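Here's a protein chain to explore piece by piece. Have a look at the sequence and the 3D view, then read on.

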Amino acid sequence: MLYYNKSAQATLEDLRVSDKGLSNSEARERLTIHGLNTIKVREQPLWKKIVEPFANVFMLVLFVAAGISLFQGHGLDAFIILVIIAVSALIYYVQQFSTERILRSLQAHTAQDVDTLRDGNITLIDTTLLVPGDIIQLTEGERIPADARILYASAVRTDEALLTGESSPVSKQIEAINGDREVYERNNMLFQGSFIVAGEVTAVVVYTGNDTEFGQLAALTSNTDMSSPVQRKIDTLISRIIAGVTALALVAFGLALLRGMELSESIRFVMALAVSAVPESLPIAISVVLVLGMRRMALKKALVRNMRAIETVGVITTIATDKTGTLTQNKLTVQEVWQPPHMRTNIAHHVSLSVNIGTTKSHDPLDIAMLEFVARERAALPKTKPIVSLPFDQASAMSGNVWHKGEAYELYVKGAPEHILARSSLTSGEEEEAIHALHQLTSQGYRVIALAETYLKGELTNFSDLPHSHPLTFVGFVAVADVLRPAAKRAIAAAQAAGVTVRMITGDHLETAYHIGKQLGMVTNREQVFDSRKMNLMSDEELEDIIGDVRIFSRVIPEHKYRILSLLKKNNITAMTGDGVNDVPALVNAHVGVAMGSGSQIAKDAGDIILLDDDFKSIIDAMREGRIIFANIRRMLVYLLSTNAGEVLTAIGALLIGVPIPLVPVQILWVNLVTDTSLVIPIGLEPGEKTVMAHKPKRPNAPILSRHMIGRMILMALTMATVTLVMYVMFSNKYGVDYGRTIAFSALVVMQWANALNARSDYQSLVGRLKVINKHFAIGMTVAISLQLLALFGPLQEVLHIHPVSFGDLFVTSLIAFIIPIVVVEIHKFIGRHFYMSPNLAK
């Protein structure tokens, strides 16, 4: 049905709804008919979900290994490999289910409520419960939850770029439109997924869910999974390793044949080499750690909306933050008032006439503070509503109300003191007196609002229609203050200690901004505060020269934010906070956009991270968590790759010295999939080191592994290969190959335990790190040891080619295998603390 062809009244009649809205019982009946207001996208086919865990290089190597085992008549080995593949797939399915469950619970934090008229009363309704016929009210910054026909509009403009691709805001009206029109021509309709960028609107819902214009488009698409830069770096690293090992395996195969090794033994050797090189447990481990990291961030009131932010938030070098609500509690109170001596009227009365009370909503903290002031002064609120309520206008820096009194029209405004004084009818002496009073108030850290009034010849619907030459009668100043958040100063100090510069962006007067910045420990002198009104007279080059030393930007308007951010990004990895429609360009352009949980829906959709409590401290908590996650992923890589490299070097070493392969493929798989998996995820959940927030951020384009850690990985691989080969050769020569193989297998697993203990910290000694409790690691180590004992002494002996060995030999070799890697890495850590870390961090 073409509701845009119908009048507002005809639409209400068609939908069988009165101007009091639907009754709750009628809404429930319609909900059973139309269903929830959610969009069901085309999901991935079931067969793809089933095949997905098998469609990667890791599984390909295992399938080839199983095929070769069958070809050579090793049916038991092939069966074991296939069981391991099945178990790995099962782990993947469980992990995917858990991931989706966690993400669904996190997404619940962003659920939107909307003011809805039910049974004649305005009530907040979950947008998923909206039905055709519901009358909703929306204001600037809110996302439109369903397709709706406009009933009442006050200077409404919407952003429909998501639907039409048109970036310019669309002005809306209420009159019916004739003919068949395209979506972008239906300017009396609101469309789901769009945003109110200006004004206020009342509309009746006509379509919900997949029946909306947006829903019909979204139903044709499927969800896409964007991998994070961390994952892409890891994928690149693994791809290079696999390519290198493939080349190495071909060379080793040829060399084995040249040395007279039988074809079947050569194939078995190459298969063992390939299986050794692949860290089969890595993909699952990375996914689990990232998703659990997102959940931990959410518990700390930082909701991560995409994986990219987890890495980037850990490497930011500067934070550009709003003051109101982030560094402060966003609880404004009127502290002082000032009026010119000749002004005899009650200023509280003027406040009551200028506050936005033209709708059923009053969410503006300034309006709330002023209404509380009016109540405290016992001034009467108007009994009628203004004929026009003018929202804040950036160009004139004012908001206000138009009142109709008899035949006269009166405009009462509040806004920026400089703008109102410039348009006032004060004499030069009176203006000088007002400016002096203004400076006195701002020097105390107050935010100052000017009040004025004027008579109009007729109704005014927009400030742009008020000539600049039209004088305003200046009424006085209202000084308000916002209470600083208790943790803000400590959080800023923590960021600065971590090498991150904090910059405050505020619309406040320079003196007010300086006073607040000094309280927060951000500035020590006024030269660090920049009056952003000067930006219009400066080139980017001039501004770039001074911006590095600026810590507070005062008198900022939204257009300034984007320019400030663009200049900061040239030399910084920047996080930007925002909560309103006008913050969206800066949020999108920032490396990490941080939206306020109490902000507009469009800002939250544009942000990478949503602060559920609007607290600046949560940004620092998220930054710390991001650094911990990234550091743990690096440790997981070092742990797994050093093991795999050790296994590869063991196989190559055996070929070079002319002995049979020390480990058969099934034993390698046991090490890679059982021992490694038991320990690698706990390493990824390791608590952060004390120094995690005491060093400068790493470059975003830096390799995932530093040269120091690559050196440790190579050192561990050489140590593991050497110890394994020496023990293998010694016991093989004395007791036979099967005996030596069992000793080598046991030694390699024990070295993995030692390697896991070493991996808990990059630089801290093992003794010091043992004092840090990681219950996940303790559980993982217990599981790994228990499974290894089961392999050596339980029913898995035949399956894993375990040969009976002397308990004394097993104990002594295990002790040596445990001590040597720890000693080697402790020496490497000692060198690192003295040559790679600053003296303060090494303590």
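Let's start with Val288, which sits in helix H10, the stretch covering residues 282-299. Keep in mind as you read that this is a predicted model. Is Val288 buried or exposed? Its relative accessibility is 19%, and buried means under 20%, so Val288 counts as buried.

Val288 and Gly684 are 396 residues apart along the sequence, yet their C-alpha atoms are 8.8 Å apart in space.

## A buried glutamate

Next up is Glu625, part of helix H22 (residues 616-657). Glu625 has a relative accessibility of 4%, so this residue counts as buried too.

What does Glu625 touch, leaving aside residues up to four places away in sequence? The answer is Gly293, Arg296, Met297 and Lys300. With Arg296 there's a polar contact as well: the two side chains are joined at 2.7 Å.

## Two residues with positive phi

Asp614 isn't a glycine, but its phi is positive anyway, at about 60°. You'll find Asp614 in the loop between strand S21 (609-611) and H22. Its relative accessible area is 9%, so Asp614 is buried.

His801 also has a positive phi of about 60°, again without being a glycine. This one belongs to the loop that runs between helix H27 (775-793) and H28. At a relative accessible area of 32%, His801 is partly exposed.

## How H23 and H27 pack

Two packed helices are described by the angle between their axes and the distance between the axes. For helix H23 (residues 665-684) and H27, the angle is about 165° and the axes are 7 Å apart. Angles over 145 degrees count as roughly antiparallel, so that's the label for H23 and H27. Their crossing is left-handed.

Which residues meet here? H23 brings Trp670, Val674, Ser678, Leu679, Pro682 and Ile683, while H27 brings His776, Phe777, Gly780, Met781, Val783, Ala784, Leu787, Gln788 and Ala791. Sorted by class, the contact of H23 with H27 has eleven nonpolar residues, four polar ones and no charged ones.

## How H24 and H28 pack

Now try another pair: helix H24 (residues 707-735) and helix H28 (residues 807-835). They pack at an angle of about 160°, and their axes are 11 Å apart. H24 and H28 are therefore roughly antiparallel to each other. As for handedness, H24 passes H28 in a right-handed crossing.

On the H24 side, the contact is made by His708, Gly711, Arg712, Leu715, Met716, Thr719, Val723, Met727, Phe731 and Tyr735. On the H28 side, look for Asp809, Thr813, Ile816, Ala817, Ile820, Pro821, Val824, Val825, His828, Lys829 and Gly832.

## The whole chain

Time to zoom out. The protein chain has 29 helices and 21 strands, and 53% of its 843 residues count as buried.

Finally, think about contacts in the chain with a separation of 6 or more: 74% of them are between residues 24 or more positions apart.

Technical notes. Residues are numbered from 1 along each chain as its sequence is written. This is a predicted model: local features need pLDDT of at least 70, side-chain atom pairs count only at pLDDT 80 or more; totals for chains, interfaces and linings use all residues. Side-chain values use heavy atoms; hydrogens and water are left out. Axes are lines fitted to C-alpha atoms, for helices over the stretch in contact, and angles run from 0 to 180 degrees between N-to-C directions. Helices (H or I, at least four residues) and strands (E, at least two) are DSSP runs, numbered from the N terminus. Angles under 35 degrees count as roughly parallel, over 145 as roughly antiparallel, 65 to 115 as roughly perpendicular and the rest as oblique. A crossing is left-handed if the near helix is turned anticlockwise from the far one by less than a right angle, and right-handed if clockwise. Contact means heavy atoms within 4.5 Å. Buried means under 20% relative accessible area, exposed over 50%, partly exposed in between (1.4 Å probe, protein chains only). A polar contact is a pair of N or O atoms within 3.5 Å; within protein, one must be able to donate a hydrogen and the other to accept it, and residues adjacent in sequence count only if both atoms are side-chain atoms. Ala, Val, Leu, Ile, Met, Phe, Trp, Tyr, Cys and Pro count as nonpolar, Asp, Glu, Lys and Arg as charged, and the others, Gly among them, as polar.
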